[in-house]
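Please keep the structure in view while reading.

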Amino acid sequence: MRLSTSTLFLLCCILFSQCQRPTLAAKQSYVVYLGAHSHGPELSSVDLNRVTQYHHEFLGSFLGSNENPEDAIFYSYTRHINGFAAKLDDAVAAEMARFLGLEQNGRIPPNSIWEKARYGEDISIGNIDTGLWPESKSFSEEGFGPIPSKWKGICQNDKDSQFHCNRKLIGARYFNQEYVSSFYSPRDIYGHGTHTLSTAGGNFVAGASVFGFGKGTAKGGSPKARVAAYKVWWEGLGGCFDGDIIEAFDMAIHDGVDVLSVSLGSEKPSQFLEDGIAIGSFHAVQHGILVVCSAGNDGLQMWQIVVGASTMDRDFPNYVVLGNNKSLKGQSLSEKGLPSDKLFPLSRGTLDPKKVNGKILVCLDGNSRRVDKGLQAVLAGAAGIVLVNLPEYGNDRMTEPHVLPASDINFNDSISLNSYITSIKHPVGFITRPTTEFGTKPAPFMAAFSSKGPNMITPEILKPDITAPGENIIAAYTEAESPTNLNEDKRRIPFNSILGTSMSCPHISGIAGLLKTLHHDWSPAAIQSAITTTATTLDNNKQQILNASFAEATTFSYGAGHVQPNLAMDPGLVYDLTVNDYLNFLCALGYNKNVISLFSTNCSYTCPKNAISLVNFNYPSITVPKLSGSITVTRRVKNVGSPGTYQARVKTPQGVSVTIAPKSLKFINVGEEKSFKVIIKAKNASVTKDYVFGELIWSDEKQHQVRSPIVVKAV
């Protein structure tokens, strides 16, 4: 066992994800990040204890004589990630940073593929989220053999004797050193983690539905994969801390997961050294673990697959039928509609029971949740509710399991509704019961809530990378909560419909699991390349994917496009990356050699004498955010398919010219790599000062179309 020789470390104020920061006491939580361990293949408890002891001694040298470092440290990262999390005075943190030369730039950072892949057999998917509901049929061990011998995880049920793992659900842990709870368990009592993990790797469950809607056989992306839950998100807190997140990553690496699905994030982008997910995912990738994150994740790092959210071709439509016989199409998962043989008065602008009782309340969607508005309508005595989308949500299909007959309509249809209400003294109508409709068009289109580019941290790296279904996804759910998460709602259902990039992320995680099963020797970057270069930018009308307002979306919305799993298993060529490539990129961003050494398990690594250009990072997309005159971009591709000759074809962005050299690449052997150059020139007469989009396709004129987005902005 050997500790990292570097003495530099990162002090990160531990941040919330998806929640507000609480009122801070005198001491704050800091992550003291010391880089990577260089343990040998056999790791003993003595080795782990020695690391912990070193952390205590290190911190103790900065504390007063009356302070105990063992009391201050609440996580000691001992396996793969080296460092600790501790409660520290700001003055102590600042002293440590100054003494060790941490400060950068004068500041301390704050803290059917399914069949061929046998449905994901022999791989394990970890989920860093809110835990899971182990009794769900999606985590049944039926059809599973013994747990793989490589698995090192545990079922942490010391405080919840009713929580049981099995041959499918092979591990569960919880991390809450940053939050005092009365319920210590990996059990999901919120629903989010159960939903996301079952989407990624849930077993086959026949007859799944939400109140009978969308009935069919539920299955995750890799239904025969083993799954493990790492709970970091706590219901009473409404969020999570970086200290807990880093510990979850460390344990997931130790346990032996193959894919990590992370449906967490915050609204504000963070630099790499300020982001627990970025740090944890870097170490995971170093160990060959693919990490998939939701678009909106704070880091948006190049070693993560970042997923946007789009729709699918399934709707749950119902209708608001007005007294003038006009029908407005909406969406809902309400169990019931209103009787069609009776017309109900329409009311808006009030929750006064005297004015709402027995009527249909018309309400503009706003800051509070739709189901909350439905509850208030019920409490006021309303018979039903019509919720009107805000203009910016366009045609988004918001379906909710409301506690009363309800319909969500888009803003354009609300104009007709408003016209009817204001044109007559006693407006009336009724709401029909929802139905399930397949084959809807256009689909997919981008969800309005899905985060968009450009990448605010490193604009040379396109984010999001890909899009996948994220609206109205039916998957397993906790039975500790109602489908609305309202205390007044006493219903319990085994499956629920949720929307968000949290839902699109595990779709890609499941697909990545299938690819890992088929190609055990592929790196995380190769799997990412296979997924992105085989994606499509066309919807089921064979037209360009649209946004929620039904205008053409761009690469900044969908990345490379909508995922196509069957094509991803045989991409032909991939853009591969090694850990050293990532380190070279960090060097190019300006991180000094001491900080870089924290992240490398290779003690001999040093930054290149001539720093690489950020645009030459071998990513499966090409982004030039500051084009001045001309630029030459280099890329290399690896053959992972049959021998063949690939020809370059370019869809040129407006106002620039693009030349590929050479225009032809011939491959004879699997694993053979070839480089090429992309020369991009601004046309003075027609260049724009905004981002423009194009694409490069390498085609063997047979079955492989290796497509990479080109994104350019002239200065």
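The model is predicted. Its protein chain has an average pLDDT of 88, and 91% of the residues score at least 70.

**Confidence**

**Helix packing**

- Helix H6 (residues 242–255) and helix H7 (residues 276–286) have axes that come within 8 Å and cross at roughly 10°. Because angles under 35 degrees count as roughly parallel, H6 is roughly parallel to H7.
- On the H6 side, this contact is made by Asp242, Ile245, Ile246, Phe249 and Ile253, while H7 contributes Gly276, Ile277, Gly280, Ser281, His283 and Ala284.
- By class, the contact of H6 with H7 has six nonpolar residues, four polar residues and one charged residue.
- The axes of H7 and helix H15 (residues 579–588) come within 10 Å, with a crossing angle of roughly 145°.
- H7 takes part in this contact through Phe282, Val285 and Gln286, and H15 through Val579, Tyr582, Leu583 and Leu586.
- The contact of H7 with H15 has six nonpolar residues, one polar residue and no charged residues.

**The second largest pocket**

- The volume of the second largest pocket is about 1000 Å³.
- This pocket is lined by 35 residues, of which Trp114, Lys219, Met312, Pro469 and His507 are the closest to its centre.
- Helix H5 (192–201), strand E9 (213–218), strand E25 (473–476) and helix H11 (501–518) are the elements that each give two or more residues to the lining of the second largest pocket.
- The lining of the second largest pocket divides into 16 nonpolar, 16 polar and three charged residues.

**Cavities**

- The largest cavity has a volume of about 40 Å³. Its lining consists of Leu462, Asp465, Thr532, Ala560, Tyr619, Pro620, Ser621 and Pro709.
- Five nonpolar residues, two polar residues and one charged residue make up the lining of the largest cavity.
- The second largest cavity holds about 30 Å³ of space. It is lined by Asp122, Ile123, Ser124, Pro148, Lys150, Trp151, Ile170 and Arg226.
- In the lining of the second largest cavity, four residues are nonpolar, one is polar and three are charged.

Definitions and conventions. Residues are numbered from 1 along each chain as its sequence is written. This is a predicted model: local features need pLDDT of at least 70, side-chain atom pairs count only at pLDDT 80 or more; totals for chains, interfaces and linings use all residues. Side-chain values use heavy atoms; hydrogens and water are left out. Axes are lines fitted to C-alpha atoms, for helices over the stretch in contact, and angles run from 0 to 180 degrees between N-to-C directions. Helices (H or I, at least four residues) and strands (E, at least two) are DSSP runs, numbered from the N terminus. Angles under 35 degrees count as roughly parallel, over 145 as roughly antiparallel, 65 to 115 as roughly perpendicular and the rest as oblique. Contact means heavy atoms within 4.5 Å. Ala, Val, Leu, Ile, Met, Phe, Trp, Tyr, Cys and Pro count as nonpolar, Asp, Glu, Lys and Arg as charged, and the others, Gly among them, as polar. On a 1 Å grid over the protein atoms alone, a cavity is a set of points where a 1.4 Å probe fits but cannot get out, and a pocket is an open set with protein on both sides within 12 Å along at least five of seven lines; lining residues have an atom within 4 Å of a point. Grid points are joined across faces, edges and corners, and a volume is the space filled by probe spheres set on the points. pLDDT is the predictor's confidence in each residue, from 0 to 100.
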